[in-house]
Each structure stands twice: as structure tokens, then as C-alpha cells.
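Here is a short briefing on a structure with more than one topic to cover. Look at the sequence and the model first, then read the points below.

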Amino acid sequence: MRNLRQLVTDFGWPRIIIFLFLVLLFLGAPFVRVRIDASIADVLNRFGQNGVFVLAMVPMIQSGCGLNFGLSFGIIAGLLGATLSMQFGWHGFLGFFGAIALAAPFAVLLGWLYGKLLNKVKGEEMTIAMYVGFAGVMFMCIMWLLLPYTSPNMVWGYAGKGLRTTITVEGYWLRILNDFLAIRVGEFFVIPTGLLLFVGLCAALMWLFLRTKTGTAMTAVGSNPIYARASGISVDRMRTISVILSTVLGAVGILVYEQSFGFIQLYTAPLTMPLAAVAAILIGGASINKASMLNVVVGAFLFQGLLTMTPSVINSALQTDMSEVIRIIVSNGMILYALTRKTKAAS
Amino acid sequence: MSGKRSLGRFFTEYAVVIIFLVITLASIKPSGLSLVYIVQEMLIRLGRNSFLVLALLLPIYAGMGLNFGMTLGAMAGQIGLIFAINWNISGVQGLAFAALLGMPISLLMGWVCGAVLNRAKGREMVTGYILAYFINGIYQFIVLYLMGSVIPITSPAILLSRGYGIRNTLNLEGVRQSLDKLLLLRLGPFALPMATYMVIALLCLFIIWFRRSKLGQDMRAVGHDMAVAGMSGIAVDQTRIVAIIISTVLACFGQIIFLQNMGNLATYNAHDQTSFFAVAAILVGGASVKKATIPNVIIGVMLLHSLFVVSPLAGQKLFGSAMIGEYFRSFIGYGVIALSLVLYAWRSRRETERARESLRGAAAGGAPRGE
């Protein structure tokens with residue numbers, strides 16, 4: 001009995017409630033004529049679409065920088081990569097991986113600067129990250145209008161300059177990962193093999209990295225910076241590495257998201273994206289100073305499951321669209337829960 | 001040497017204000033706006049926004065940083081206004097009614113917010129920010145689904161055509177500028193909303209009085225050092241909750257004043273930017289996370305809003321796109337908040353390091369972490 005209670009406390013009530021709610025949605029789906037197979041395919045798809053974003057949270061949580069509310073910098077790098085790749089007219093795998101290659105230097109540079117900044121403001125990382133991220137996004141809004149892009153598929157038709165708010169990647173690298181080795185099981189059920197493989201590969205690399213010398217040092221910095229420093233680890237360097245890593249993953253994440261979603265969303269779209277990733281990893285069981293691959297997978301699956309299932313099931317049942325409200329309450333409720341939990345590591 | 005140092009200190013202390021002043025002055029000319037127009041806009045916006053910004057002061061005294069949770073109070077004020085419109089109470093009475101109805105809601109919200117922030121000591125700001133998002137979800141649930149179905153709404157004009165839920169935009173015809181026009185003083189080319197200014201002045205007096213009261217002293221003691229305050233017998237958690245409750249109630253009134261001036265209510269978005277504008281204003285006025293005064297508020301509102309008036313037109317003239325001006329002012333707003341938070345965190349870290357330096361040998365520790 002005590003064990004069970006311990007297990008429940010460890011897992012956390014919000015997570016259990018969300019899990020049960022999701023199960024309930026799946027059970028209820030057939031009654032409101034929502035196809036289970038299509039729903040599962042949808043969840044799988046969106047799981048892959050957002051998986052890398054959620055993964056991007058891990059390094060900074062591990063190194064003690066907290067939740068990366070400034071993931072927007074990674075997203076900005078990714079958007080630069082995506083638009084440049086399209087500007088060069090690269091298609092297919094070249095287009096997608098070319099975009100990653102083009103985004104990487106931006107991500108490393110932005111991550112490095114952002115990491116340096118966070119090292120100067122230890123203890124206030126999260127609020128500052130959020131606002132620096134916002135400012136970065138707004139700055140890029142101006143840049144999207146001014147940068148000399150010329151590809152007719154990307155700029156406003158009548159002005160001939162300034163990037164459009166949404167740009168379709170159709171004809172470039174639409175669903176390039178999703179359709180790679182995709183397995184069609186039924187009319188409504190396709191397994192996006194390539195996408196899942198890619199996310200799996202990223203997660204595996206992260207898992208391996210956390211077990212290397214650098215990875216362990218990073219975790220040590222996060223769990224006890226004083227001890228880490230005493231054993232000769234450069235705290236600031238480890239933190240910077242974690243921020244760079246997170247930013248690069250954010251860049252890859254937005255590209256994975258775009259190839260599946262079909263559109264590049266510019267301007268103010270990246271403002272709220274970090275919050276979704278933050279909410280997902282917290283739903284997966286991470287705290288603000290500890291995260292694992294299991295948290296990533298569980299979190300991305302639960303969160304995306306919820307986002308997929310609530311509109312279809314609740315809307316069919318109630319004939320109204322409550323999904324947005326539920327999304328706001330659940331995702332922010334989850335972040336709030338994590339921020340207010342008295343963690344053992346703290347104080 | 002020391003003169004140079006104090007000059008340097010002055011620049012870091014007021015970096016935000018100086019940068020801001022330079023940008024604003026530089027954009028006045030390209031905007032092509034007349035000085036009379038800008039001053040008039042400023043007078044209007046001073047009345048519209050000051051109350052909301054003043055609501056931020058108490059939590060800063062209590063050491064809780066910038067109260068991003070003030071949005072909760074703004075939402076309470078909007079609920080009050082919705083009912084004032086519903087029952088068709090117009091004029092200043094309508095505003096008073098909205099304030100009376102919003103008050104108990106904002107009291108409750110303030111208590112919730114204070115209790116939540118007490119569980120997140122050391123990261124109040126980000127928690128308040130997320131709390132505002134969370135309560136926004138609940139607000140939407142109430143206003144979009146419960147009003148008209150569970151909560152009786154008598155006026156069908158403010159309901160969505162499906163029969164429940166409030167319309168996206170409400171016309172505040174009945175209460176529009178009723179406070180501003182109560183005592184409008186014409187002074188040459190300018191119109192001054194004296195009644196609004198008086199309300200703001202009253203609030204300033206209240207804050208000055210409050211700072212000197214026993215509770216206000218306790219609050220500042222808590223803000224200075226929670227542990228010391230606790231040891232000297234101050235109920236720390238309670239004092240912090242009181243600071244947030246007062247701030248939330250003031251934000252409720254502030255939002256009502258703001259909206260009566262605007263003249264219409266974007267039911268689901270009006271509160272989105274409330275804390276952003278208020279926080280940006282107080283920081284532009286030279287306040288920091290730990291220290292803020294009434295002059296900071298007034299200067300901040302004037303500076304921030306003068307830029308907001310000129311930047312879209314300056315953007316249009318300089319880059320041929322008004323959007324650039326719009327983006328630019330958001331960028332500046334967020335950037336100012338980020339910059340002041342960074343400067344503050346950086347400075348306080350340097351001070352702790354300096355303090356450690358003087359204790360060197362006694363305790364060699366690692367880098368300080370916020371915990």
C-alpha cells in the first residue's frame with residue numbers, strides 16, 4: 001500500500017489524471033464515431049512531429065539551466081535554415097538535410113551567445129530566457145521583412161520582397177521523413193516510419209551523449225554545481241554546451257515539424273512554440289532539474305495524444321470546440337505544477 | 001577615477017532609460033507627427049495606463065519581482081464590465097459597478113496567485129507568467145462556455161449567435177470614457193481627463209501612505225530578506241499574499257480604467273498584453289526588479305507610450321512598412337524587459353561575488369545558483 005502511494009506521488013497526480021483522461025478519450029472515441037485507427041495514426045504522426053522539440057528540453061534541464069523557454073532561438077535558426085535551403089532551390093533529402101546543415105551554424109552561434117548570457121544570470125534563467133526569446137522572435141519579424149530573399153515561392157507576390165507569413169514546403173521537402181519507408185496498414189492507418197526512426201535516432205544519440213564523459217559532467221553540474229566544481233568540471237562551460245545542444249535540437253525540431261506539417265510559419269508563430277515543448281516534457285514526468293528519455297517519449301505521446309484526441313472526441317460529443325481551452329488549461333497547468341512543486345534538490 | 005566609475009555606474013543603472021530615450025527622440029522626426037499631437041496622445045495614455053502600472057509597485061516592495069500575475073486582476077475587471085454591459089448600467093455608475101463586482105473576484109484571484117507564488121519562491125516571475133496563462137484558460141472557459149448557459153446573461157446582444165458565450169468584441173458605449181469626460185479640462189490645444197488623474201493621484205497617495213504603515217514596513221522588510229523578516233516575527237507568507245492581493249485588486253480597477261478609455265472590450269484578448277505593457281513601462285521608467293518608485297511609473301508610461309505613438313509611422317517612413325514599426329515596438333518592449341532583467345540579475349550576482357571575495361578563505365564555494 002505504501003509502495004503504491006509512493007509510486008503515485010512519484011508519478012504525480014496531474015500526470016495520472018491526464019493519462020486516465022486520454023484512456024477515456026480513446027475508449028469513448030467509437031461512441032462518437034471517431035475512428036480509432038485514424039486517431040492512433042494521427043497521434044503517432046504528431047508524436048514524431050514534436051518529438052525533437054521535447055528532446056531539446058533535456059540537456060538544459062540536466063545541466064541545471066531549467067526549462068528552456070528560449071527555445072525560440074533554436075527555432076529561429078531552423079527557420080533560417082529552412083528558408084535558405086528553399087532560396088537555394090534544394091529539393092528532397094538535399095533540401096531537408098541541407099536545411100539542417102545551414103541551420104546548424106546559426107544554432108551553434110545563437111546557442112553560444114544565449115548560453116553565455118544565461119551564465120551571467122544564474123537563478124533567473126527562465127524569466128530571462130522567455131523575454132530574450134520573445135525579443136529575438138520580434139527582431140526576426142523585422143528581419144523576415146528586410147532580408148533579401150527572392151524565391152517567388154517565399155516572398156509576397158505583389159511586393160516581390162518580404163517573406164510570407166506561411167510558406168508551403170510542398171515541392172521541396174514535404175513529408176520527406178514521414179513518407180520514407182512509411183508502412184500503410186489500412187486505409188486510415190499509416191506508420192510514418194522514417195519520422196519515428198529519425199526521432200528515435202536523435203533520442204538514442206542524446207541517450208548516448210548523456211553517458212559520455214561530457215554528458216555525465218553536464219548532469220553533475222545540474223545536480224550539484226558545487227560538487228561538480230570541486231571535482232574540476234567547468235560549470236559555465238558545461239552549461240554553455242547544454243544550451244548549444246538544446247538550441248541545435250530546437251533547430252532540427254522545427255525542421256522535422258515543418259516537413260510533416262507542410263508549412264514554414266514565420267513572424268510571431270515561434271512565440272508560443274517553446275511553451276508546448278516545455279509542457280510536454282513536464283507531462284512526461286520531468287521536473288525542472290531532472291529529465292530522461294522516458295520523460296521525452298511519454299510526454300510527447302501524452303501531450304500530443306491529448307491535443308489530437310480532445311478536439312475530435314470532445315467536439316463530436318459536445319458539438320462545440322473546447323479543445324483550445326482544454327489545451328491552455330492542461331499545458332499551462334502542467335508547467336505551473338512543475339514550477340510550484342517543492343523539489344528535493346532545491347534549497 | 002572615482003568620477004569615471006560613478007559615471008559608469010550611472011550608465012548601467014539607467015541604461016534602459018537612456019537607450020529608450022535615444023530611440024524615441026530619434027524616431028520623432030521621421031514619424032512626421034506634430035509635437036502637439038504627441039503631447040495630447042501622451043496625456044490620454046497617461047490616464048489610460050498609469051493605474052495599471054502602479055499596481056506593480058507593492059509586489060516589488062515585497063521582493064516578489066514584477067507581478068506578471070496582474071493579468072488575473074485584469075480578467076476580473078473584464079468580468080465586472082461584462083456584467084455592467086449586460087445590465088446596461090452606464091456612466092460612472094457602470095464603472096463603479098464593474099469595480100465592485102470585479103473586486104471580490106480579484107480578491108480571490110489575488111489570494112490564489114499569492115498562495116501559488118509562495119510555493120515558487122525564487123521563481124515568482126516565471127510562475128506568475130504561466131499562472132496568468134493558466135487562469136486565462138479558465139477565464140475563457142467561463143466566458144465562452146458558461147456565460148449564457150450556466151451563468152445567466154440577460155442581454156442577448158452581447159451573446160454569440162449560438163446562444164451562449166460572450167461575443168469577441170463588446171462595445172462599451174455606455175461607459176465609454178465616462179471617467180475621462182467627467183471632468184475634462186481644456187488647456188489650449190490639450191484636453192486633460194482630470195477625474196482620471198485624480199483617481200491616479202489618490203492611488204499614489206494610498207501607496208505613499210501604505211509604504212509608511214506597519215504593513216508596508218513589514219512588506220519592505222520581507223522584500224529585503226525573507227529569513228531575517230521571518231525571524232523578527234513577521235508572517236512572511238501572509239505579507240507576500242497581501243502584497244499580491246492588493247496588486248491584483250488594483251489591476252482589476254486599472255483594467256476598468258484602461259478599457260473605459262479604449263471604449264471597447266476585446267473579450268478574449270484584452271488582457272493578453274496587460275502585464276507586458278505595464279512591466280515594460282515601469283522598467284523603461286528606470287525601475288528594477290527590486291526597486292521601483294511612483295516617478296518610475298509616470299516617466300515609464302510617458303516614455304514607453306511616446307515610442308508606441310511614433311514607431312509605426314517612423315517605420316512606415318524609414319522602411320516603407322508600418323508592420324516594421326509594429327514589430328519594432330514589440331521588439332523594444334520585450335527587449336527592454338529582457339535587458340532590465342539581465343542587468344539586474346547580472347548586477348546582483350556581481351555583488352554576491354564581491355561579498356564572497358571579501359570572505360575569501362573562510363568559505364570557498366561554487367557559483368551561486370538560484371534555489
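**Contact between chains A and B**

Chain A puts 36 residues into the contact, and chain B puts in 42 residues. The model is predicted.

*The side of chain A that touches chain B*

- Four helices of chain A each supply at least two residues to this side: α5 (92-120), α6 (125-146), α9 (225-230) and α13 (323-340).
- The largest share comes from α6(A), with 13 residues.
- By class, this side has 25 nonpolar residues, seven polar and four charged.

*Helix α6 of chain B*

- Helix α6 of chain B covers residues 91-118, which is 28 residues.
- From first C-alpha to last, α6(B) reaches 39 Å, close to the 40 Å expected at 1.5 Å a residue.
- The helix α6(B) has a kink of about 30° at M103(B).

*L302 of chain A*

- L302(A) sits in helix α12 of chain A, residues 293-318.
- Is L302(A) buried or exposed? It counts as buried because it has 23 C-beta neighbours inside 10 Å, and the cut-off for buried is 20 or more.
- Which residues does L302(A) contact, leaving aside neighbours within four places in sequence? They are I18(A), F19(A), L22(A), I283(A) and G284(A).
- L22(A) lies 280 residues from L302(A) along the chain, yet their C-alpha atoms are separated by 7.5 Å.

Note on methods. Residues numbered from 1 in each chain as written. Chains lettered and ligands numbered in written order. Predicted model: local features only at pLDDT ≥ 70, side-chain atom pairs only at ≥ 80, totals over all residues. Contact = placed C-beta atoms within 7 Å. Nonpolar A, V, L, I, M, F, W, Y, C, P; charged D, E, K, R; others polar. Expected span 1.5 Å × (residues − 1). Bend = angle between axes of the 7 residues up to and from the residue. Buried ≥ 20, exposed ≤ 12 C-beta atoms within 10 Å, placed from the backbone.
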